[in-house]
There are 2 protein chains.
Amino acid sequence: MKKTLDYIPKECFTIADAKRGDIGNTSSLYAKAFFNNMDFDAITVAPYMGEDSVTPFLEFRDKWVILLIHTSNKGAEDFQLLESRDGRFLYEEVIHTSQHWATPDQMMYVVGATKADKVRNIRSLAPDHFLLVPGVGAQGGDLDAVSRAGLNAQCGLIVNASRSIIYASSKEDFAMAAKKEALAVQQSMETLLNEMVK
Amino acid sequence: MKKTLDYIPKECFTIADAKRGDIGNTSSLYAKAFFNNMDFDAITVAPYMGEDSVTPFLEFRDKWVILLIHTSNKGAEDFQLLESRDGRFLYEEVIHTSQHWATPDQMMYVVGATKADKVRNIRSLAPDHFLLVPGVGAQGGDLDAVSRAGLNAQCGLIVNASRSIIYASSKEDFAMAAKKEALAVQQSMETLLNEMVK
């Protein structure tokens with residue numbers, strides 16, 4: 001992991017998509033490992049264990065917690081769409097409650113690109129938070145639909161494609177094939193941004 | 001991690017309290033790492049991402065998934081006690097739904113020892129599952145109350161004390177101090193078992 005990080009230029013924002021979340025004592029040690037030892041800028045955290053499993057990650061200056069809200073996989077429906085007595089989905093409750101833990105300067109939310117219909121709703125509940133949107137690429141998320149639903153005045157979206165890029169080729173042309181995939185996503189985003197921000 | 005495991009006799013049941021849970025592709029790789037490479041017998045898994053984040057861990061013979069249900073920390077109240085429209089807590093929904101994923105021969109449930117009042121309820125919803133009960137020791141859980149609420153005909157409880165044992169002493173008497181702490185928990189359990197099973 002450390003070795004991989006050493007290849008990444010310092011000015012790149014690095015996210016450990018580690019989906020941690022544990023009792024406070026253990027979350028503190030995970031936070032030290034990812035933020036101090038490995039010097040990641042951000043880490044994804046699962047909310048099931050609640051506030052004291054997340055707050056230890058918030059005690060680091062200029063570091064980000066990216067909380068799982070509504071994920072890109074099929075199983076996201078099992079519990080994240082559970083409706084509470086107040087008529088809110090679990091993922092809405094997580095947005096509601098977690099806004100008491102940190103400001104949008106320290107916390108982002110994970111919303112799968114495969115849930116474009118939910119992105120609009122999440123954007124209305126969290127107008128100022130950055131949304132990390134995985135699921136474009138191998139998982140088949142719709143970049144266009146997600147951008148239209150999720151962009152805000154500060155952009156507010158980090159769109160992530162992983163497997164479509166890192167597995168772009170298993171041959172010697174890997175560097176070129178991966179570059180091509182990455183540029184394709186970047187250019188789609190740029191076109192959309194120019195179109196929507198004007 | 002591998003080095004620590006090498007010190008543990010083969011006949012001991014080993015649990016990676018890693019609280020993983022990710023999209024299927026990633027969960028599969030975690031499962032291989034913990035079950036094949038490191039040869040753990042079991043791993044704890046967080047349920048927030050639903051079925052396809054958990055099932056990859058179930059594809060290994062003679063290995064166990066231990067699913068987080070109601071954890072020992074204060075933040076457990078934030079979402080695990082959210083009441084659904086059907087009048088069930090989220091942790092009850094997780095028990096209900098996850099019983100479709102695996103039998104009690106492959107899956108156990110994590111219930112914090114600090115939630116003795118909930119253990120009785122969980123035992124009634126999952127009469128045959130083993131319950132992994134952390135929180136005795138440093139976290140102050142009540143071994144007696146938990147045992148009375150959670151024992152079944154096969155015992156059905158794995159009680160775990162971590163910090164009270166591994167931090168028993170920071171001096172040269174560590175081995176003896178840790179042994180004393182471990183034996184104290186073991187003897188309390190044995191007394192309770194003899195009392196309750198007769």
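Gly87(B) lies in the loop that joins helix H4 (76–79) to helix H5 (90–98) of chain B, where helices (H or I, at least four residues) and strands (E, at least two) are DSSP runs numbered from the N terminus. The model is predicted, so that local features need pLDDT of at least 70 and side-chain atom pairs count only at pLDDT 80 or more, whereas totals for chains, interfaces and linings use all residues. Residues are numbered from 1 along each chain as its sequence is written, and chains are lettered from A and ligands numbered from 1 in the order in which they are written. Gly87(B) counts as exposed because it has 8 C-beta neighbours inside 10 Å. In this classification a residue is buried if 20 or more other C-beta atoms lie within 10 Å of its own, exposed if 12 or fewer, and partly exposed in between, with C-beta atoms placed from the backbone. Between the C-alpha atoms of Gly87(B) and Leu143(B), which are 56 residues apart along the chain, the separation is 29 Å.

Two further loop residues of chain B concern the backbone angle phi. Most residues other than glycine have a negative phi. Asp39(B), by contrast, has a positive phi near 60°, and its place is in the loop between helix H2 (24–37) and strand S2 (42–45) of chain B. Asp39(B) is exposed, because 12 C-beta neighbours lie inside 10 Å. Asp62(B) is not a glycine either, and its phi is positive at about 60°. The loop between helix H3 (51–54) and strand S3 (64–70) of chain B holds Asp62(B), which is exposed because 8 other C-beta atoms lie within 10 Å.

In chain A, Ala31(A) belongs to helix H2 (residues 24–37). Ala31(A) is buried because 22 other C-beta atoms lie within 10 Å. When neighbours within four places in sequence are left aside, Ala31(A) is in contact with Pro56(A), Phe57(A) and Phe60(A); two residues are in contact if their C-beta atoms, placed from the backbone, lie within 7 Å. Ala31(A) and Lys3(A) are 28 residues apart in sequence, and 19 Å lies between their C-alpha atoms.

The strands of chain A were examined next. In strand S5 (residues 131–134) of chain A, Leu131(A) and Val133(A) point one way while Leu132(A) and Pro134(A) point the other way, and all are buried. Strand S4 (residues 107–111) of chain A pairs with S5(A) in the parallel sense over two bridges; two strands pair if DSSP finds at least two bridges between them. Within this pairing, Leu131(A) in S5(A) is the bridge partner of Tyr109(A). S4(A), helix H6 (residues 116–125) of chain A and S5(A) form a right-handed β-α-β unit. A crossover is right-handed if, with the strands pointing away from the viewer, the path from the first strand over the helix to the second runs clockwise. S5(A) also pairs with strand S6 (residues 157–160) of chain A, in the parallel sense and over four bridges, and Leu157(A) in S6(A) is the bridge partner of Leu131(A). From S5(A) the chain crosses through H7(A) to S6(A), and this β-α-β crossover is right-handed.

In chain B, strand S5 (residues 131–134) and S6(B) pair in the parallel sense over four bridges, with Leu132(B) opposite Ile158(B) in S6(B). Strand S6 (residues 157–160) of chain B has a covered face formed by Leu157(B) and Val159(B), and an uncovered face formed by Ile158(B) and Asn160(B).

An automatic or database domain assignment provides the domain bounds, and chain A is divided into domain 1 (2–160) and domain 2 (163–198). Taken over C-alpha atoms, the centres of these two domains of chain A are separated by 22 Å. Nine residues of domain 1 of chain A are in contact with nine residues of domain 2 of chain A. Helix H7 (residues 143–150) of chain A gives the most to the side of domain 1 that touches domain 2, with three residues.

Between the chains, 31 residues of chain A are in contact with 31 residues of chain B. Helix H3 (51–54), helix H4 (76–79) and helix H5 (90–98) of chain A are the elements that give two or more residues to the side of chain A that touches chain B. The residues of this side divide into 11 nonpolar, 10 polar and 10 charged; Ala, Val, Leu, Ile, Met, Phe, Trp, Tyr, Cys and Pro count as nonpolar, Asp, Glu, Lys and Arg as charged, and the others, Gly among them, as polar.
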